[in-house]
Each structure stands twice: as structure tokens, then as C-alpha cells.
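Open the model in your viewer and keep the sequence panel beside it. This tour tells you what to select next and what is there.

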Amino acid sequence: MSFESLMRPQKVLLGVGGGIAAYKSAELVRRLQDRGCSVRCALSRSASAFIPPLTLEVLTGKPVVQQEYLTATGSGEELHITAAQWADVLCFAPATAHLLARLALGLADDFLTTTALAFPGPVLVAPAMHEEMWAKEAVQNNVARLADRGVIFIGPEVGPLASGEIGVGRMSHPLTIVEAVASQAPGLSPSPEASTKTDLAGRTVLISAGPTREPLDPVRYLGNRSSGKMGFSLAAAAARRGARVVLVAGPVALETPPGVERHDVTTALEMESVLARWAGEADLIVMTAAVADFRPKRVAAQKIKKGQGVPVLELVPNPDLLSGMATTAPRALRVGFAAETENVEENAQAKLERKGAHMIVANDVGRSDIGFRSDENEVTVYRSRGPSVFLARRSKNEIADHLMDLFSEELHHRDHRPADTAD
Ligand SMILES: Cc1cc2nc3c(=O)[nH]c(=O)nc-3n(C[C@H](O)[C@H](O)[C@H](O)COP(=O)(O)O)c2cc1C
């Protein structure tokens with residue numbers, strides 16, 4: 001990457017496949033433009049059934065290439081060659097199963113695939129399809145073949161699918177795709193989310209994230225649907241602001257954010273004992289983990305078999321990790337998360353008092369568009385000092401940065417309050 005290329009806008013050719021997630025390509029165009037990219041769009045044969053080309057044409061201010069590219073334009077231009085020479089990055093989002101197959105085979109049966117063959121630079125694909133389709137050996141073979149050739153995959157993610165089911169196959173959030181493009185095209189303007197603040201330098205931040213699993217026997221467990229994304233976004237935000245971050249994570253499939261010290265655990269009791277190791281050192285404790293309230297009283301040594309009658313489960317309560325922190329980390333700013341499905345405000349207020357916490361971040365996990373497994377969230381922060389703060393729906397990364405602003409402000413206030421008002 002030369003100095004000159006860092007100075008000019010990065011050019012992204014966005015190839016849109018024919019899937020439901022094509023409607024998100026309009027937002028992706030906007031988000032790429034926000035970062036200073038020059039974007040042009042091309043649609044696969046079926047994509048125009050899912051997104052009107054006019055929408056992308058107006059957003060990009062350029063014609064959208066479709067199949068008619070094979071008809072004479074009068075310019076004598078070989079559009080797939082000039083487009084391949086124009087672009088710095090080629091990004092397919094959404095990439096359907098069919099589009100992946102065509103790319104894997106090296107077919108050149110439309111503008112997108114022909115351009116891909118003529119393009120020498122980085123190719124990114126963001127697949128989107130039903131979980132069953134994504135799991136098929138045929139699709140996975142194509143994915144492996146493309147990955148072997150250096151194609152970069154973004155997602156798919158776990159989340160609500162177009163069918164209404166929850167599974168792997170959802171296209172990654174446009175912001176995640178923008179970050180992946182940015183990693184291949186240095187010189188993009190900084191993300192509006194990127195923090196240049198160093199207000200947490202010298203602080204230790206302890207965060208719990210993800211679900212816990214409480215074993216019933218060697219193969220079964222009681223668990224929940226927490227993805228861990230909110231906790232990981234918070235860990236990333238705190239590390240960017242200079243904190244030493246210790247992240248205690250239940251079983252999740254997420255990458256450790258840069259600069260974060262991660263400890264993986266499975267059960268609530270393991271989470272409690274690992275958290276206890278750092279609680280005394282922490283200035284800020286944020287408990288986002290969805291810790292099981294109960295665990296089976298007995299864990300069967302062997303797999304529980306059918307034919308021995310229906311087993312009756314006896315449960316015992318797990319320790320309340322947030323309440324426990326009031327004793328193990330009395331000087332820390334303690335923040336809990338409340339994942340509620342009803343009476344969100346009432347339950348969050350009650351939790352604030354009952355658990356001796358300074359703040360409770362409440363979200364409504366009964367909604368499928370935010371909360372568990374989603375890339376977005378909408379929260380209200382209830383505080384022992386000051387009015388509640390509502391953060392309207394936005395990406396979990398943006399929510400994390402706003403929350404860190406609130407936590408940082410409170411830490412600053414605690415540093416400067418008279419000693420006799422400490423709690
Ligand atoms: C309503 C509807 C939704 C679809 N959604 C998807 C999808 O999300 N992912 C996918 O791989 N195919 C999906 N398909 C099938 C594709 O449209 C079809 O395989 C098409 O040939 C895609 O090829 P292309 O992306 O190369 O144009 C859908 C089809 C219909 C009718």
C-alpha cells in the first residue's frame with residue numbers, strides 16, 4: 001500500500017447476491033461512504049428481485065451494473081475489466097449459496113463472477129442463507145475452496161433468520177463488514193465509533209460475558225442463548241480507552257478483542273471463582289454474563305439413558321455473582337445487566353437495590369431485533385446516583401462506547417468525592 005493510495009478514497013465494488021439480506025446492502029453502502037469509501041454496486045441476476053437497483057443507484061450516484069452489461073453500450077468498454085481495474089476491494093454481500101458456488105467453480109456467467117476473475121485484489125464475502133443451506137457439505141466445500149484461495153469470509157452470524165428461526169446463516173452487520181473492508185483497505189477514515197479517549201488508562205476493568213452451562217450428565221447441560229457480544233464489545237471499548245481488561249467468558253464463539261486478557265469458564269461456580277481472583281483489583285466490574293440461576297443438584301456420571309423412566313431434575317440455586325461483588329469488591333464501581341422480558345424498568349430498579357449495584361443496564365430480551373444474539377441493542381441504564389439514561393437502538397459496539405462514557409464519568413466522580421461519602 002503506497003502513500004499515494006492512503007491519500008485517495010478507497011474504491012469498493014459491492015456485489016449483491018439474490019437473497020433476503022440484499023435489503024441491507026443499502027445500509028452497507030451508506031456505512032462505507034461514511035468511512036470515505038467510493039462505492040459502486042453490481043447485482044447478480046436474481047438480486048434485483050430483493051433490492052431495487054434504483055435505491056443503490058441513488059445512494060452511490062452511479063449506474064448499478066446488472067445483466068444488461070452484455071449489451072452494447074456504444075462505449076466499446078469491457079465493463080468487467082474496467083470495473084476490476086477501478087476497485088481496490090471486491091465485496092460480495094450478501095453472498096448466496098449459488099453465488100458462492102459460482103465463485104468457487106470460477107464460473108464467469110455474469111458481471112459479478114466475470115469481474116471476480118479479472119480482479120487481482122482482496123475479495124471479501126459475507127454469506128447469508130438458511131442454516132440448513134449453510135451446513136450443507138456442498139456449500140461448506142465451496143467455502144473451504146474459496147478460503148484456500150485467500151477469499152476473506154465475514155460471518156455468517158448466529159441470529160434470527162428470514163424464516164423466523166434462529167440459527168447460523170444471518171449476514172454480518174453492515175458495520176462488521178465495513179470493519180473487514182477497512183482491514184483490507186488501509187486509509188479509510190476512522191470509524192465514528194473508534195475512540196481516541198484514554199480516560200480508562202491505569203484502571204482495571206473486570207467483565208463477565210456469555211452464558212454459563214450447568215451439566216446434567218457428561219453430554220447435556222442447562223444453558224441459555226446469550227451470545228456474549230455485548231460483554232465482548234464492552235471489553236474491546238475499555239481496552240481501546242487504555243484500561244487493563246480481564247474478560248471472564250462463558251462458552252461463546254467470539255474472538256478475543258485486542259489487548260484483552262481472557263479466561264474461559266463453563267459453569268456459574270467456575271465463573272464465580274475466576275472473577276474472585278481479580279475482583280479485589282478491579283476499579284470497574286461489569287457483569288454482562290447470563291449466569292444460570294440454578295444448577296442440577298446431581299450431575300450423572302454417565303449419560304442418562306432412555307428407558308429408565310423420565311428423570312426428575314432437582315435444582316439448587318447458584319450464587320448471585322453481582323451481589324457477591326459488593327463484599328469481594330467493595331471499592332469497585334459495580335454494574336449489572338438485566339435481561340428482562342417484561343416489566344423491564346420495575347425489575348431493573350429492584351435489581352439495583354437488591355444487588356448493591358451502582359448501575360443496572362436493562363434490555364428487553366423478549367424482542368427479537370435486539371438483545372441476545374443480535375448485533376444491536378437498546379438499553380436503559382438505571383443508576384443509584386442520577387437519572388436513568390436511555391440509549392436508543394444501535395450497534396452493540398456503539399452502545400458499549402456510550403456505556404463506557406457513563407462508567408468513566410462515574411469513576412471520575414468517585415475519585416473526587418469527599419471520603420466520607422464513599423459507599
Ligand atoms: C424469497 C427467497 C429468498 C431467498 N433467500 C436466499 C438466501 O438468503 N440465501 C441464499 O443463498 N439463497 C436465497 N434464495 C435463493 C436464491 O435467490 C437463488 O439461489 C438465486 O439463484 C441466487 O443466486 P445469485 O445470488 O447468484 O443471484 C432465496 C430465494 C427466494 C425466492
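**Stop 1: helix α6**

Select α6. Phe 111, Leu 112, Thr 113, Thr 114, Thr 115 and Ala 116 are buried in α6. Here buried means that 20 or more other C-beta atoms lie within 10 Å of a residue's own; exposed means 12 or fewer, and partly exposed lies in between, with C-beta atoms placed from the backbone. Helices (H or I, at least four residues) and strands (E, at least two) are DSSP runs, numbered from the N terminus.

The helix covers residues 111–118, and six of its eight residues are buried, so α6 is largely enclosed by the rest of the structure. Now show what surrounds α6. Its buried residues pack against β1, β2, α4 (79–86), β3 (89–95), α5 and β4 (123–127). Contact means C-beta atoms, placed from the backbone, within 7 Å.

A note before moving on. This is a predicted model: local features need pLDDT of at least 70, side-chain atom pairs count only at pLDDT 80 or more, and totals for chains, interfaces and linings use all residues. Residues are numbered from 1 along each chain as its sequence is written.

**Stop 2: the five-stranded sheet**

Select β1 to β5. In what order do the strands of this open sheet lie? The order is β2-β1-β3-β4-β5, and the pairing is parallel. Two strands pair if DSSP finds at least two bridges between them. β2 (38–43) and β5 (152–153) are the edge strands; each has a single partner strand, so one side of each has no neighbour in the sheet.

Zoom in on β1, residues 11–16. Six bridges join β1 to β2, and the two run parallel. Lys 11 sits opposite Ser 38 in β2.

**Stop 3: the ligand**

Centre on the ligand. How many residues surround it? There are 16, and the closest are Gly 17, Gly 19, Ser 44, Thr 96 and His 98. A residue counts as near if its C-beta atom, placed from the backbone, lies within 6 Å. Helix α5 (residues 97–105) gives the largest share of this shell, three residues. By type, the shell has eight nonpolar, seven polar and one charged residue. Ala, Val, Leu, Ile, Met, Phe, Trp, Tyr, Cys and Pro count as nonpolar; Asp, Glu, Lys and Arg as charged; the others, Gly among them, as polar.

**Stop 4: α2 against α3**

Select residues 25–34 (α2) and 53–60 (α3). Their axes come within 10 Å and cross at roughly 5°. That makes α2 roughly parallel to α3. Angles under 35 degrees count as roughly parallel, over 145 as roughly antiparallel, 65 to 115 as roughly perpendicular and the rest as oblique. Axes are lines fitted to C-alpha atoms, for helices over the stretch in contact, with angles from 0 to 180 degrees between N-to-C directions. Show Ser 25, Ala 26, Val 29 and Arg 30 of α2, then Thr 55, Leu 56, Leu 59 and Thr 60 of α3: these make the contact.

**Stop 5: Gly 259**

Go to the loop between β11 (244–249) and β12 (260–264), where Gly 259 is found. Gly 259 is partly exposed, with 14 other C-beta atoms within 10 Å. Leaving aside neighbours within four places in sequence, Gly 259 is in contact with Ala 239 and Val 245.

**Stop 6: the β18–β19 hairpin**

Finish with β18 (residues 376–383) and β19 (residues 389–395). Five bridges join these strands, which run antiparallel. Glu 376 stands opposite Ser 395 in β19. The hairpin has five residues between its strands, and Gly 386 in the turn has a positive phi of about 100°.

Technical notes. Contact = placed C-beta atoms within 7 Å.
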